[in-house]
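Biologist: Could you walk me through this structure, one question at a time? I would like to learn how to read it.

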Amino acid sequence: MSIYLIALLFALLGAFIFTIIGLISGTDETAIMVPITLLIILLGAPPEGVFAFFMAAVLSKHLTHAVPTALMGIPGDTTAVPLIDHATTLRRMGMPHIALRKMISGGIIGAFIALPTAVLLGQFLGQFADFFKASSGLIFTIAAFLIAYFSKGKWASVLIIIPFAFFIKSLDTLSFSILDKHLSITFFLGIAIGPMFSNILVAASPAARNAIVRNKPNEYNLAPETKSWKGYFPNPFKILTGRQTTFTSITTFISSLTFVFSPVGMTSLMGEIVGSRTKGAYKKSTTSLTVMNGVTESTYLAEAIIPLIAFGIPLSPVALGPASALFNAPPVYSVEPINNLHTYLSTWDFFIFGFIGIVIASLIAYPFSMNYARKASVLVLKFVSQEAIVAMFIGLACLLAYNEAEFLGIILTFTVATVGGLLNRILGVGAGVQFMVFYASSWIMLQLFGF
């Protein structure tokens with residue numbers, strides 16, 4: 001079978017799965033992307049298929065996460081949080097459908113600008129790859145401190161770096177003494193599912209449960225579905241005004257270059273810059289939403305692609321979180337030594353198979369969201385239990401952890417999930433900081449204690 005056909009099939013799989021998942025509010029990108037991507041890799045998917053799958057999955061997820069954000073006023077995932085205020089403004093005006101159309105149309109434009117921009121920048125930065133590879137331990141440590149300082153936990157995140165590195169290295173040493181091999185997937189999964197697992201722990205604790213108890217079910221008012229275009233596939237350039245298209249193109253290009261910054265931070269920053277230059281509540285909200293969702297797409301795609309092409313080590317928040325399996329998925333992929341998509345795909349491959357992924361996602365997720373957003377939202381609210389989704393991903397994490405280290409892998413995964421999840425929930429030590437410390441832990445302990 002042709003590798004292009006295989007990549008096409010994997011892109012279709014990613015688009016279908018994550019188009020549905022995006023409709024479920026509150027899903028964390030890292031917690032859902034890492035386990036499923038790991039499963040695809042460990043089942044033997046070729047590198048081309050893995051990359052097409054991931055690109056289609058990311059774009060589909062971030063197109064349909066606009067549905068609960070715009071129609072119900074609840075963030076589809078963490079990157080949708082900055083969009084809530086403007087989406088709420090349009091809901092109060094009775095125009096949530098306008099918010100939705102602007103958001104996902106901006107996302108489509110952002111994706112197609114980000115791909116070639118990221119590929120070209122990744123190829124340019126590849127000239128410095130040897131330096132980054134040789135200094136990876138130091139770079140990870142510096143990056144951990146920088147990401148921690150600019151995270152919502154700030155000084156708490158900075159102070160926890162060395163204790164968390166000691167915790168990770170201690171578990172690694174213990175598991176090595178039992179299994180005679182270093183583990184990786186179990187640590188990844190523990191950090192990834194930590195936020196979800198912390199919610200379960202809080203719900204199970206009589207002392208902490210009051211923080212999440214609700215006296216009555218949440219109520220949502222969905223606006224009627226309206227359609228202002230002919231046919232099934234709308235033209236995003238006709239949905240947006242010329243000014244909105246221009247702003248989105250500029251901001252997504254700029255944000256594609258800033259691959260070391262937080263996607264949420266860039267989304268907020270670009271939205272504020274554009275919003276401050278737009279007068280009128282309606283124009284300000286619609287333009288800001290268009291730009292912000294476009295930036296969400298561009299940062300996510302670029303932050304995965306640039307480190308893959310240039311370095312082969314995860315040096316961005318997205319590469320450390322949702323895209324981490326593309327870099328490190330033992331025994332298939334690794335970062336020490338570098339043996340991952342960076343090794344197997346050329347620059348031209350990244351463009352071709354990335355293009356396949358985002359085209360497939362555009363053909364599936366975009367018209368689906370534009371035509372059936374309300375009906376899909378009703379079905380999800382009525383028949384999909386968020387608890388069941390959490391259980392599904394935790395079950396998948398158990399399967400992958402058992403595959404790597406049997407029962408010990410499961411215990412280690414939940415140990416890391418407990419500590420990491422509570423650090424995230426209570427102190428704001430995000431998954432990006434924790435992933436970076438995981439990579440830096442060996443170097444930090446070597447410098448401090450010589451082991």
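Biologist: Are Lys 169 and Asp 172 buried or exposed?

Modeller: First, a word on the source: this is a predicted model, where local features need pLDDT of at least 70, side-chain atom pairs count only at pLDDT 80 or more, and totals for chains, interfaces and linings use all residues. Residues are numbered from 1 along each chain as its sequence is written, and side-chain values use heavy atoms, with hydrogens and water left out. Buried means under 20% relative accessible area, exposed means over 50%, and partly exposed is in between (1.4 Å probe, protein chains only). By that rule, both Lys 169 and Asp 172 are buried.

Biologist: Which contact do the side chains of Lys 169 and Asp 172 make?

Modeller: Side chains of opposite charge can pair when their charged atoms come close. For a salt bridge, a side-chain nitrogen of Lys or Arg must be within 4 Å of a carboxyl oxygen of Asp or Glu. Lys 169 and Asp 172 are 3 residues apart in helix H10 (residues 161-179), so about one helical turn separates them. With 3.7 Å from N to O, their side chains meet in a salt bridge.

Biologist: How many salt bridges does a search of the whole structure find?

Modeller: The search uses the cut-off I just gave you, and the side chains of Lys 169 and Asp 172 meet it. Over the whole structure, the number found is 1.

Biologist: Which helix gives the most to the nonpolar patch?

Modeller: Patches are made of residues with over 30% relative accessible area and no salt bridge; like charges are joined within 9 Å, and nonpolar side chains (Val, Leu, Ile, Met, Phe, Trp, Tyr) within 5 Å. Here Leu 138, Ile 142, Leu 146, Tyr 149, Phe 150 and Trp 155 make a surface patch of about 660 Å², an area from the Shrake-Rupley method with a 1.4 Å probe, where for residues only the protein chains shown count as cover. Helices (H or I, at least four residues) and strands (E, at least two) are DSSP runs, numbered from the N terminus. With 4 residues, the top contributor is helix H8 (residues 136-149).

Biologist: And is Leu 138 buried, partly exposed or exposed?

Modeller: You will find Leu 138 in helix H8. Its relative accessibility is 39%, so Leu 138 counts as partly exposed.

Biologist: How are H14 and H15 oriented to each other?

Modeller: Two packed helices are described by the angle between their axes and the distance between the axes. Axes are lines fitted to C-alpha atoms, for helices over the stretch in contact, with angles from 0 to 180 degrees between N-to-C directions. The axes of H14 (residues 263-275) and H15 (residues 281-310) come within 8 Å and cross at roughly 150 degrees. Angles under 35 degrees count as roughly parallel, over 145 as roughly antiparallel, 65 to 115 as roughly perpendicular and the rest as oblique, so H14 and H15 are roughly antiparallel.

Biologist: What is the relative accessible area of Thr 278?

Modeller: Thr 278 sits in the loop between H14 and H15. Its C-alpha atom is separated by 8.6 Å from that of Ser 288, 10 residues apart along the chain. Thr 278 is buried, with a relative accessible area of 8%.

Biologist: What is omega for the cis peptide bond that joins Pro 330 and Pro 331?

Modeller: Look for Pro 331 in the loop between helix H16 (317-320) and strand S1 (334-335). For the cis bond that joins Pro 330 to Pro 331, omega is about 5 degrees.
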